[in-house]
Amino acid sequence: MSEPTRDQERDLYRKMAKARALDIELVRWQRQGIIPAFPPSLGQEAAQVGMAAAIDQTRDFAFPMYREMGVALALDVDMLGYLGNHNGNWNGGSHDPMRHRFTPIQSVVGSNSPHAVGWALGQKLDGLDGVAVAFVGDGGSSQGDTHEAMNFAGVWNLPVVFFVTNNQWAISVPLSEQVAGGSIAARAAGYGFPGVEVDGNDVLAVRQAGLDAMARARRGEGPTLIEAKTYRRGPHATSDDPGRYRTLEEERRDGGEDPITRYRSSALERGVIDEAFLAEVDAEIVPWLEDIRTHLINLPPRDGSEIFENVYAELTSDLVEQRAAWSEGAQA
Amino acid sequence: MTDTQVIQPSTAETSIELLSVQQALNRALADELAADPRVLIFGEDVGTLGGVFRVTDGLQARFGKERVFDTPLAEAGILGTAVGLAIAGFKPVPEVQFDGFSYPAFDQIVSQVARYRYRSRGRMTMPITLRVPSYGGIRAPELHGESTETFWAHVAGLKVVSPSNAHDAYHLLRAAIQDPDPVIFMEPKSRYWQKSEVDVANSGGTSGAKIVRPGKHLTIISWGAMLGRAVQAAEAAAEDGVEIEVVDLRWLSPIDTQTIVESVGRTRRAVVVHEAARTAGLGAEVSARITEHCFDTLRAPVERVTGYDVPTPSGPLEDEQIPSVHRILLGVQKVLEYRRG
């Protein structure tokens, strides 16, 4: 066990609170027409912030899918850049993935898992001690790529942590229709490495499971699958209507206790935080959100010619021609 | 992409060796492994066995299991691993064992390998060379004789190259590995054992198409395993006094339009030959480019001699699908005899 310090606990709370506040705002901003779409992380803050706390950005690398806003925030990824994916500024986000050790986000769930494996293999070949973290969901656990990645990681005993956020729903399909056998963690046994089930609504438990898995990988003992059990309290995305596949009663019943409320009570009770700290966080959040909103609204439009950049290292002669044609068409 | 040199008969030089395509590819891989410590070779059976076509023969013994290694049998996993290794600063040279086995890796190739530079705005690059033993002609089982070039040529971010002879096999593979962009390297498996002269020291240029036989009456554009048949057809036509220019396209993406257009501009007639199915095959793209650039000088519509729009057939039936010298000559004849209605 590595007990968190008081400052670390406060940091966990601050990040969860900020992730929640931004998540709620992003849904509002979508309704206001500021961003076209957003997949909320509502209810997954403990899982996301807890796992992020186990990642050492001086040496590790995160391979997210698309519902990892809280991880990005907790890793201090440039949020305006990250949100570039959701506001249509740049697919994958325009944050610097090498600086933040956080790849562009993925639309095809599971496809990022073998990337984590390849990167981890690179660490092993280079004799470095970084660990790759692949973010997967219960839906992504069904993908063949995820299976292939876990098998490769097992065969090669690589420093990878597969962090599966089991939020019970893949858009409209519930876990019972998604995961045979009922446990994603149990699958790890078949790959020859540990599968750990953790209460994904308990930020300290997730952090500990993450630290254990990262330390194990760093010692050269190989991969771990962590299944963080939580609940997608919101819709799949702002365009989704959960009323078509689950009732409000079911949401209340299955969602359980809100992970942030739960942690706040526990931390207050243990004297790690106090009302003054909570007020400080609340006060910090308001201008922070306003700043992101202002920047989002005022993002300058991208120059249309950017669509031709970075397709290849150098423009091909075809693209030179097409860009000239674009230029002509754009002026008309 | 524009060197259009005509290959001259080779002069006696010490750097010239007689190699098969398979030997030339093996040499290219060995030379790249030796030249760049970040180059890695991996795939199914490429290590201990040396590849089912022995293209990686001896490389693991020489360069070690960390540079040349076997993977589990999973093509998406192989390509996904290549993406991660590229992010970690390696130059991956994965192999999928047969053309048809690239289909399980399709998402990783078109959605990941091809797009990562774009998605990351140039901060993460994919200097990956995917070797794919390609095309038919060896009586292989189902999905072991596919012509996949159209799939890759349609995808922004990928380059596609296919050598037709040992010299190009050596130099184009080295060029592909050194290329900063992802390259699909389509090896003509029916030509693996064909020996020809390789000038290891002088590539003669690795970019663009190459005129491999000059002629003035008609241009045949082809690539990969079909190039040899195109040359055979040209030799046969020469006996009747028809001088056919043969262009080896080599790079299937991006296409060297200039070399094609210059040749057809002179010959005013063109036939495109490929094994792949006709509809939306690369011949359609080549034909369109010729029409766009040479409409006023063309004496006849561009003819396509291609595979039919059927799944690659089994065993001896593949001869019905793959253009023969006879079919190429029929195409040539049709173009030569064309009269405006």
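User: Is the crossing in which α8(B) passes α12(B) left-handed or right-handed?
Analyst: Helices (H or I, at least four residues) and strands (E, at least two) are DSSP runs, numbered from the N terminus. A crossing is left-handed if the near helix is turned anticlockwise from the far one by less than a right angle, and right-handed if clockwise. By that rule, the crossing in which α8(B) passes α12(B) is right-handed.

User: What kind of model is this?
Analyst: Residues are numbered from 1 along each chain as its sequence is written, while chains are lettered from A and ligands numbered from 1 in the order in which they are written. Local features need pLDDT of at least 70, side-chain atom pairs count only at pLDDT 80 or more, and totals for chains, interfaces and linings use all residues; this is a predicted model.

User: How is α8(B) set against α12(B)?
Analyst: Two packed helices are described by the angle between their axes and the distance between the axes. Axes here are lines fitted to C-alpha atoms, for helices over the stretch in contact, with angles from 0 to 180 degrees between N-to-C directions. The axes of α8 (residues 226-239) and α12 (residues 325-337) of chain B come within 9 Å and cross at roughly 60°. Angles under 35 degrees count as roughly parallel, over 145 as roughly antiparallel, 65 to 115 as roughly perpendicular and the rest as oblique, so α8(B) is oblique to α12(B).

User: Which residues of α12(B) make the contact with α8(B)?
Analyst: Residues are in contact if their C-beta atoms, placed from the backbone, lie within 7 Å. From α8(B) come B:Arg229, B:Ala230, B:Gln232, B:Ala233, B:Ala236 and B:Ala237; on the side of α12(B) are B:Val325, B:Ile328, B:Leu329 and B:Val332.

User: How many residues of the contact of α8(B) with α12(B) are nonpolar?
Analyst: Ala, Val, Leu, Ile, Met, Phe, Trp, Tyr, Cys and Pro count as nonpolar, Asp, Glu, Lys and Arg as charged, and the others, Gly among them, as polar. Besides one polar and one charged residue, the contact of α8(B) with α12(B) has nonpolar residues numbering eight.

User: How is α9(B) set against α10(B)?
Analyst: The axes of α9 (residues 257-267) and α10 (residues 282-294) of chain B come within 10 Å and cross at roughly 60°. That angle makes α9(B) to α10(B) oblique.

User: Which residues of α10(B) meet α9(B)?
Analyst: The crossing of this pair, α9(B) and α10(B), is right-handed. B:Thr257, B:Ile260, B:Val261, B:Val264 and B:Gly265 in α9(B) meet, in α10(B), B:Val286, B:Arg289, B:Ile290, B:His293 and B:Cys294.

User: How far apart do the C-alpha centres of domain 1 and domain 2 of chain B lie?
Analyst: Domain bounds come from an automatic or database domain assignment. Chain B is divided into domain 1 (17-199) and domain 2 (210-337). The distance between their C-alpha centres is 26 Å.

User: Which element gives the most to the side of domain 1 of chain B that touches domain 2 of chain B?
Analyst: In chain B, 26 residues of domain 1 are in contact with 23 residues of domain 2. On the domain 1 side, two or more residues each come from α6 (149-153), β6 (159-161), α7 (166-178) and β7 (183-188) of chain B. With four residues, the element that gives the most is α6(B).

User: Which element gives the most to the side of chain A that touches chain B?
Analyst: 34 residues of chain A are in contact with 34 residues of chain B. The elements of chain A that give two or more residues are α5 (97-100), α6 (113-126), α7 (144-156) and α13 (317-331). The most, ten residues, comes from α6(A).

User: How many residues of α2(A) are buried?
Analyst: A residue is buried if 20 or more other C-beta atoms lie within 10 Å of its own, exposed if 12 or fewer, and partly exposed in between, with C-beta atoms placed from the backbone. The cover over the buried residues of α2(A) includes α1 (6-31), α3 (69-74) and β3 (160-166) of chain A. In helix α2 (residues 45-52) of chain A, which is mostly covered, the buried residues number eight of eight.

User: Is B:Ala24 buried or exposed?
Analyst: B:Ala24 has its place in helix α1 (residues 21-35) of chain B. Beyond its neighbours within four places in sequence, B:Ala24 is in contact with B:Leu19, B:Ala166, B:Ala169, B:Tyr170 and B:Val198. With 27 other C-beta atoms within 10 Å, B:Ala24 is buried.

Notes: Two residues are in contact if their C-beta atoms, placed from the backbone, lie within 7 Å.
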